[in-house]
Amino acid sequence: MASSLPSSSCWHSVLLVAMLLVVVMDQMAMAYMYDDIEIVWGDDHSFFYMDDAGDDEILALCLDQTHGSGFHSKEAFLYARFDVDLMLVPDNSAGTVTTLYLMPEDVPWDYHDEVDLEFLGNVTGEPYTLHTNIFANGVGNREEQFRLWFDPAADFHTYSIDWNPKRITILVDGVPIRSFRNKEEHGVAFPTWQKMRLHGSLWNADDWATQGGRVKTDWSEAPFFAHYRNLRVSWCRPSPGVAWCGDEPPGSTWFDRGLDAAALRRARDAHMIYDYCKDVQRYRWSGLPKECTVE
């Protein structure tokens, strides 16, 4: 009779590390990522463990041929900065997608907001693609893609989403690579009212993720692991005298202080490989989206 457990070692890793973690956490009284997130699918393909020094608690998500895993923050936020350290699937990661994204709950799909970072795996020796997208009031298709300037599977790196009423900025190790500005005055929707949770996941998308779906997941390499640690969330802070960020006056320059415009230009010039705002062929009949043409 065939076993009802997954054929890969995802299940065995969960059991082994869970037993070790119980011992370690029983001896330490600290704040952990465990306290701030909850597994929302694939709980049998995820586990927490401590690094070798016992200083950092790490969440591992596992993917095998049965399924992957995903989590979200326990709390939802309206305007905040989210920072997470992430180490991606190493070696032949073709077909896999590791994610960080913001999404609300209980909002119809046609009206939902979303901020996506999707790390598209590749064959050994070929670089990851960081695929980003932003939805506002149900409208997405705002893709920008980047090639990172390091091996994101060799060590942990920090990925950030800084969301305030004026702009959404995506950063890698503190370097801004994308800034989506609020242009509601020009009729462009912007996320302003939906509280969102931070999500992360590891899943199979070999129908499109690697080289347009031409390269499939090699399940002989499974299980695949992505590792998350050090989730930090900082509420948006308004200028002195303003009650909350949503009340910041339209002409205020308060939220411009944290954006290094020169670093943003350098990163985009050096590392961006696709910008929907420059894809004239894609929009040859409809014209470029409004946010691409207004200042």
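Analyst: C236 and C245 are both buried, where buried means under 20% relative accessible area, exposed over 50% and partly exposed in between, with a 1.4 Å probe and protein chains only. This is a predicted model, in which local features need pLDDT of at least 70 and side-chain atom pairs count only at pLDDT 80 or more, while totals for chains, interfaces and linings use all residues. Residues are numbered from 1 along each chain as its sequence is written, and side-chain values use heavy atoms, with hydrogens and water left out.

User: How many disulfides does the structure hold, and how far apart are the sulfur atoms of C236 and C245?

Analyst: A disulfide is a covalent bond between the sulfur atoms of two cysteines; here it is assigned to a pair of cysteine sulfur atoms within 2.5 Å. The structure holds two disulfides. In the one formed by C236 and C245 the sulfur atoms are 2.0 Å apart, and with -100° about the S-S bond this link is left-handed. The other joins C277 to C292, with an S to S distance of 1.9 Å; its torsion about the S-S bond is about -75°, so this disulfide is left-handed. C292 is partly exposed, with a relative accessible area of 22%.

User: In what order do the strands of the open sheet follow one another?

Analyst: Strands are DSSP runs of E with at least two residues, and helices are runs of H or I with at least four, numbered from the N terminus; two strands pair if DSSP finds at least two bridges between them. Seven strands form an open sheet, in the order β2-β3-β14-β5-β10-β11-β12, with antiparallel pairing. Its edge strands, each pairing on one side only, are β2 (46-50) and β12 (175-181). Five bridges join β2 to the antiparallel β3 (residues 57-63), and S46 stands opposite L61 in β3.

User: Which classes of residue line the largest pocket?

Analyst: The lining of the largest pocket has nine nonpolar, two polar and 11 charged residues, where Asp, Glu, Lys and Arg count as charged, Ala, Val, Leu, Ile, Met, Phe, Trp, Tyr, Cys and Pro as nonpolar, and the others, Gly among them, as polar.
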